[in-house]
Structures are given as C-alpha cells and as structure tokens.
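Good morning, and thank you for coming.

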Amino acid sequence: MIFLFIGLPLVVAALLPLLGKLSKRFLPDLLANAVFLVLFVLAVTSGRQMISQGPVLKQLDWLGEALSIQVAVDGFSLFMLMAIALLTLAVGLFSINYMEHYGAKANYYALLLMMMAGMNGLVLVTDLFGVYLFLEVAAIASYALVAYGLEHDELEASFKYLLLSVIASAAILLAITVIFGMTGSLGFAAVAEGLRALEAKAVVGFCSALFIMGFGLKAALVPFHAWLPDAHPSAPAPISAILSGLLIKVSGVYAMTRIFFNVFGLTPALSQILMYLGAVSIVVAALLALGQKDMKRMLAYSSISQVGYVVLGIGIGTPLGIAGGLFHLLNHALAKGLLFLNSGSVQQATGTRNLDEMGGLAKRMPLTAGTNLVGALSIAGVPPLGGFWSKLLIIMALVQAKEGALAVVAVLASVLTLWYYLLIQRKAFFGKLDEKWKAVKEAPFWMSAATVLLALLVIGLGLFFSAVIKTWIQPASDVLDQGIHLALGSWGF
Amino acid sequence: MIWHILLLSGLVIFSILAILSKDLIKSAISLAVASLLLGILFFQMQAPYAGVFEISVVAGLITVLFMLTIALTKTEGDVRESRSARIIFPLFFVAFILIDFFVMKGLLQKVPALPDAAELGAFGDVLWKQRTFDLVGQLAVILAGVFAVLALFRKRDKDE
C-alpha cells in the first residue's frame, strides 16, 4: 500500500498527457484530484494503522520475488505524507477553475503529480542517494511549473531558481559522495553506524556544512533565500501554494532534519546553528516583507520568515521544541497554501497583484476576504488558531532551553508578521471599493471550495490542537527525539 | 601518478576556461574537453562504466545539444554581463583550494577500504539488483524532464 504514494502519482502522470488528448479538461481534473484524495485517505487510515506498532520497513515484491525497493514509514514520514496529500488535494481542487486559462491542463497535472511523487519519494526513502534523486524529481517538475505561464518574468524567475537549486543539489551530492567514500554505504542506518565506527568527526563537520548550505538553499533560509521571492510569486497561484506550503519544507526542512537527527545526530553546535539560522530568517524576511507592494511577493517573504520558525523550533532539539516546529510546519503549510490560493483568486478577478491598486474587495469577494483573514491570523499567531499554538510551543521550548533572547525575537517577529498581514487585509480587502473593481466577482466554485476547505482546516487545527498534536505531531516528534538521544555529543561539537 | 596530476590539472584548467570564457562555443568545447579528461581519469581508476557514460553523454551528447542550441539562438543585442563573476570566482577558487589542502588530507587519511561494504559488486548487479529503487527515481527524473519540455514548449490553443 505504501508504495502507492510514489507509484500512483507516477503512473497517472505518465498516462495523463495521452488521456489529455481524449479529454482536455474533465479527465485530467478528475484523475489528478482522485489521486490526491486517495492518497490522503490512505495516509489517514491505513497509514496510521501501519505504524501503530512503531516504524516499519517495507519491501516491494514483484511476482513473489522481493525487489530491492525498500521504504521506511515512521511517525515523521507519515505526518509529512499526510500534509503533502492534504495540501495537494486543496490545490488540485483550486486548479480545476484556476488553470483553465493557462491551457494544457493534462500537462500541468502531470507535472504536479511528478512533484508529488518526488516529495513522497523523498519522505519514504531509506538512503542518502534516494534523498538526492527524489529531491531532483520534485525540483525538475517545480522549475517547469514556476515558468508555466511562459511570460518573461516567469521564465527569468524559473532560471534563477534552477541555477541556485543546482548549486544546492551540488552541495548535497558532494556531501553524499564524501559520506559514501568514507563508509561505503548510503543507507541511513548503515551510514550512521559507519561514521560512528570511524569516529569521523571531521567528515561529519564538513558534510554538515555542505548539507546546511544545500538544504538551507532548498528551504530558502536567510542568507540562502535570494531565489524564493522571485520564484514563488511568478508561479501560477496553486503552484505558489505548493512551493511555499510544501516543497521548501519537504526538500529543505524534512531532508535536513532527517539527516541531522536520524543519521548524524543533532549535536549542540548544529542545534545552535539551526536556531540562529532560523532566528535570522524570521527577522530579516519579516522586515523585507513589510516593504512589499506585490501581494504574492509579500507572502513569499513571509514563507521565509515562517520556515525560520519551523527550523528554530526543530533546532532547539527538545521534545517540546520539535513538536512546536513540526506543528508550525503543518499550520504554515495549510495557512500559506490558503493565502497563496486567495492571492490567485484576487489576481484572476482584478488582474493585478499590486496591493496599492486594490481596496474594498471584501464587498465583492466576501469568501476570499474571510478565508484570507483566517489564514493571515493563523500565521500571525492569533488565538485560537493553529499558528498561535505552534508559536506558543516554540516560545515555551525556547524559554525552557534558557534561550530567552531568541524567545523575545520570536515574539517580536510575530508582531511584525501580524503587522504585514493586516496591511494585506487592509489594502486589498477593507476600505472603500474602487470604481474600477465594481464588476469584480467572487472566485468560481472550485476555487472557493478549496479555500473554504483550507480555512476550515486552519480553524480546526486551532480548536482541536491537542488532538492533532497527540495523533500526528507527537509520533513524528518522538522519531526525531529518539535520534537525538542516540547521538547527542558523540562528535565532540 | 604523474598522469593523474596532469589529467587533474587539465580538468581544472578547462573547467575554469568553461566558466570564464565569453564565447559560448569556446565554453562548450572547454567543458567537453574537461569531461573527456574526467572520463579518462575514471578509466584509469578502474571505473569503466563511469568513464563510458562521462565521455558518451557529457562530452558527447550534451556538447552536441549545447552546440545545437547556440546555433539556433539568435543574438538580439548585447547583454551586459555582471563583472562580479570575475572577482568572486577566483576568490571562491582560492578558498576551495585552501579547504582542499587543509581538510581533504585529514579526511582522506581515514578513508577505509571500500570492498567490505555491502553495496559493491558487478556493475549490472549493483544497478539492477541492489539499487533498483534508484532506477525508479531515474525514470521519474526523465519523465519530469519530458513533461517540463512539453510544458515549456507548448503551443497555446487559440481559445486560451
């Protein structure tokens, strides 16, 4: 069953361009969304059942013979699979209406499914080369999706993204090569064992630096963030939602966390580096977001800032910090997905992304304005929404770990976040309706359905946060916590 | 040993030429020569499959694709290139040489003999039997590339 997470999107993606010849819209819409729904249902039903007794290793059999295709499922990977399937489903529904005017829907869904297969593969693999390979699958699909509109800005942003992403991949591949050269192995467990047997302190230090650079670029942490404010706004809105909501977290945060916690082991020095990288990202990107006039660009800077919170939380390395970081990952994925989808609705209705040209749109687009407010307040950390609880957990963990200065930074940056989100809300939705927006209409059915679904989920995450933490976050954070205890302090840095 | 040093020096020199040359054709040819030298190095280090792929794909196929693309591209006015590459690149290069000199020696002293590892064997065995999952990943990379080309070079329908 678990192999469906990689196989199903791959097979349907391969078929879609052919089926798209039979039916340009209906079949691609139906098939792609059916895949997203099936995978989401699988993650929350059989997936949870599968890991009820702890992490499992699954091997694929073909005609009774075991193939060397192995995946591992634990609380952390299942949590990511669920988040990927959930946001991709909302994005898929939104795309039914939104991607009409871009054309070649079959091709679009094929790329989206490839990106999903890449992310799912990355989450499930058990070795370092698999991480690199599936990272590239998701990345290649995302380059094409960023440039999907084929306008000058989109192509330029995609090219910039590609170049910086290739540097990231090169750093990651170099680290993997050095590790393979030292240990003769690529599997997570074998590498961890091999490095310990060799007492390879210098190798772990050198490769950690390369991984921080590589995955830091993928996660767009400051100072590796230059590509994101161009790439994410240029993509079609549903793709911006996936890129900001998921891709930077899966190919940056997840991969880095998995390697640092479960292979190298989080050392005190690594923990400090991650926390400070996170804190710098939070503050710098929040300040940069304040000065933006382009709605999607502001959201893109906000993504860098919020990923900073996730890395800060996970970097603390205490159970509370990890749980806070992971919960913020989920909150941000859903809320930022929602905000990017709304920005798409606004752009489609008005033809602009410039906040100064908008105003009073709430009168014409009440659903979009309402759901936008929910997403904005959640990310800004206003109770009782999900973002409040995750930020509270992170701040409590910082105080517990005696990192008072970073806790103050996290609180103050949260105020900045609220400030720029209220700016979006005031400039775009509140105030007097401009004459030229009199004819603007609410977003079509599927677009509204997707944003309402996400808004309800964002509210639900806040109201039922303890259940969510118990069911999804705790099993994921336990996996990482065990990794720390195995390796803490064994490298001497 | 002397051959290795000569080949490695040539590899570095032609790689730098590929980066710094202003003429795209010269860049492409320098890259091809660099990868040819790398291919020979692979052969010398008893990695014939890596050598064959390096020479046929990187030195051969990719160079042909570069040449074709350059030939098919029209020049539309001069684009001013940033000069910072000429300053930043040598700085990075020197930094890299220093890291190489001081760090790599320490690393290499510890490199264990590889053959005791589980993932070694005949090329075909490793590729088809031990690294089957990588083939799935490779297939996905190729598919993603094909869809990317289809998407980026698509013709827009009239009604769109």
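Let me begin with a term: a helix here is a DSSP run of type H or I with at least four residues, and helices are numbered from the N terminus. Please keep in mind throughout that this is a predicted model.

The loop between α8 (201-219) and α9 (228-234) of chain A contains A:Pro223. The peptide bond that joins A:Val222 to A:Pro223 is cis, with omega about 10 degrees. Further along, a cis peptide bond also links A:Pro383 and A:Pro384, and here omega is about 5 degrees. Where is A:Pro384 found? A:Pro384 sits in the loop between α14 (366-380) and α15 (386-400) of chain A.

A:Leu150 is not a glycine, yet its phi is positive, near 65 degrees. This residue belongs to the loop that runs between α5 (128-146) and α6 (152-183) of chain A. Is A:Leu150 buried, partly exposed or exposed? There are 15 other C-beta atoms within 10 Å of A:Leu150, so it counts as partly exposed.

A:Lys402 also has a positive phi without being a glycine, at about 60 degrees. Its place is the loop between α15 and α16 (404-429) of chain A. For A:Lys402 the number of other C-beta atoms within 10 Å is 9, and therefore this residue is exposed. The cut-off behind that step is that a residue with 12 or fewer such atoms counts as exposed.

Let us now consider how helices of chain A meet one another. Take α4 (residues 105-124) and α10 (residues 237-264) of chain A: their axes come within 10 Å and cross at roughly 30 degrees. Because of that angle, α4(A) is roughly parallel to α10(A); the cut-off for this description is an angle under 35 degrees. The crossing of these two helices, α4(A) and α10(A), is left-handed.

Which residues of α4(A) meet α10(A)? They are A:Met115, A:Met119, A:Leu122 and A:Val123. On the side of α10(A), the partners are A:Ile242, A:Leu246, A:Leu247, A:Val250, A:Ser251, A:Tyr254 and A:Ala255. Sorted by class, this contact of α4(A) with α10(A) has 10 nonpolar residues, one polar residue and no charged residues.

A residue of another helix touches members of this group. A:Met80 lies in helix α3 (residues 75-98) of chain A. Setting aside residues up to four places away in sequence, A:Met80 touches A:Val123, A:Val250 and A:Tyr254. Of these, A:Val123 belongs to α4(A), while A:Val250 and A:Tyr254 belong to α10(A). A:Met80 counts as buried because it has 27 C-beta neighbours inside 10 Å. The C-alpha atom of A:Met80 is 12 Å from that of A:Arg48, which stands 32 residues away along the chain.

The axes of α15(A) and helix α17 (residues 445-463) of chain A come within 7 Å, crossing at roughly 45 degrees. The two helices, α15(A) and α17(A), are therefore oblique to each other. From α15(A), the contact involves A:Gly386, A:Phe388 and A:Trp389, and from α17(A) it involves A:Val458, A:Leu461 and A:Gly462. By class, the contact of α15(A) with α17(A) consists of four nonpolar and two polar residues, with no charged ones.

Chain B has six helices and zero strands. Of its 160 residues, 14% count as buried. Chain B is divided into domain 1, covering 1-74, and domain 2, covering 119-155. The centres of these two domains of chain B, taken over C-alpha atoms, are 23 Å apart.

How many residues of chain B are in contact with chain A? There are 33, and they contact 41 residues of chain A. At least two residues of this side of chain B come from each of α4 (84-108), α5 (123-130) and α6 (132-152). The largest share, 15 residues, is supplied by α6(B). The side of chain B that touches chain A divides into 18 nonpolar, five polar and 10 charged residues.

Conventions. Residues are numbered from 1 along each chain as its sequence is written. Chains are lettered from A and ligands numbered from 1 in the order in which they are written. This is a predicted model: local features need pLDDT of at least 70, side-chain atom pairs count only at pLDDT 80 or more; totals for chains, interfaces and linings use all residues. Domain bounds come from an automatic or database domain assignment. Two residues are in contact if their C-beta atoms, placed from the backbone, lie within 7 Å. Ala, Val, Leu, Ile, Met, Phe, Trp, Tyr, Cys and Pro count as nonpolar, Asp, Glu, Lys and Arg as charged, and the others, Gly among them, as polar. A residue is buried if 20 or more other C-beta atoms lie within 10 Å of its own, exposed if 12 or fewer, and partly exposed in between; C-beta atoms are placed from the backbone. Axes are lines fitted to C-alpha atoms, for helices over the stretch in contact, and angles run from 0 to 180 degrees between N-to-C directions. Angles under 35 degrees count as roughly parallel, over 145 as roughly antiparallel, 65 to 115 as roughly perpendicular and the rest as oblique. A crossing is left-handed if the near helix is turned anticlockwise from the far one by less than a right angle, and right-handed if clockwise.
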